[in-house]
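Dear colleague,

I am passing on the structure we discussed, and below it you will find what came out of the analysis. Please read the notes alongside the coordinates.

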Amino acid sequence: DEAAVERDKFVEIFKWCFEDRTRPPSAEMKEKLVDIMDRSANVFLTLLTPDEKVALVEGEDAAGVPNCTVQTWAKGSVVVKQGDEGDSMYCVVEGELSVVVSFGSTDKEVAVLGPGGVVGEMS
């Protein structure tokens, strides 16, 4: 039945849109992330030694949770909202990330970050 196929396809697409897209980085992705940190003009990242950068990408916290995960978002997704408690740093590897700041009832795009862009909590 054609309606059943369409419904099944819809369910498949719906699950894909809302599934957790967090995964550990591949060896190639780890190299890209260290390269991004090496080339970044971000003050925090310029203070790190090469070993500290590798530890950020490959290390774990005291509970054994990886320091680094790879996440993928659909176009138009909100990664973080202004005012959210920050506990992550984001490196743009592919695509673009629009940085939007709210001024009262007005939203203003203040930056567009491409590959190599870094944003987020870094303290």
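Leaving aside its neighbours within four places in sequence, Val 119 is in contact with Ser 88, Met 89, Tyr 90, Leu 97 and Leu 113. Please keep in mind here, and in everything that follows, that this is a predicted model. Val 119 belongs to strand 4, which covers residues 118–120, and with a relative accessibility of 26% this residue counts as partly exposed, since that value falls between the 20% below which a residue is called buried and the 50% above which it is called exposed. One of its contacts, Met 89, lies 30 residues away along the chain, yet the C-alpha atoms of Val 119 and Met 89 are separated by 5.9 Å.

As for the overall layout, the protein has four helices and four strands, and read from the N terminus on, the order of these elements is α-α-α-α-β-β-β-β. Of the 123 residues of the protein, 16% count as buried. Among the contacts between residues at least 6 apart in sequence, 47% join residues that are at least 24 apart.

Turning to the helices, helix 2 (residues 27–39) and helix 4 (residues 50–58) pack at an angle of about 140°, and their axes are 10 Å apart. Because angles over 145 degrees would be needed for a roughly antiparallel pair, helix 2 and helix 4 are described as oblique to each other, and their crossing is right-handed. On the side of helix 2 the contact is made by Lys 30, Leu 33, Val 34, Met 37 and Asp 38, which meet Lys 53, Val 54, Leu 56, Val 57 and Glu 58 in helix 4. Sorted by type, the residues of this contact comprise six nonpolar and four charged, with no polar ones.

Once its neighbours within four places in sequence are set aside, Lys 53 is in contact with Val 34, Met 37, Asp 38, Leu 45 and Leu 48.

Finally, Ser 40 and Cys 91 are 51 residues apart in sequence, and their C-alpha atoms are 9.9 Å apart in space.

How values were computed
Residues numbered from 1 in each chain as written. Predicted model: local features only at pLDDT ≥ 70, side-chain atom pairs only at ≥ 80, totals over all residues. Heavy atoms only, no water. Axes fitted to C-alpha atoms, helices over the stretch in contact; angles between N-to-C directions. Helix = DSSP H or I, 4+ residues; strand = E, 2+ residues; numbered from the N terminus. Parallel < 35°, antiparallel > 145°, perpendicular 65-115°, else oblique. Left-handed = near helix turned anticlockwise from the far one by under 90°. Contact = heavy atoms within 4.5 Å. Nonpolar A, V, L, I, M, F, W, Y, C, P; charged D, E, K, R; others polar. Buried < 20%, exposed > 50% of the residue type's maximum accessible area, 1.4 Å probe, protein only.
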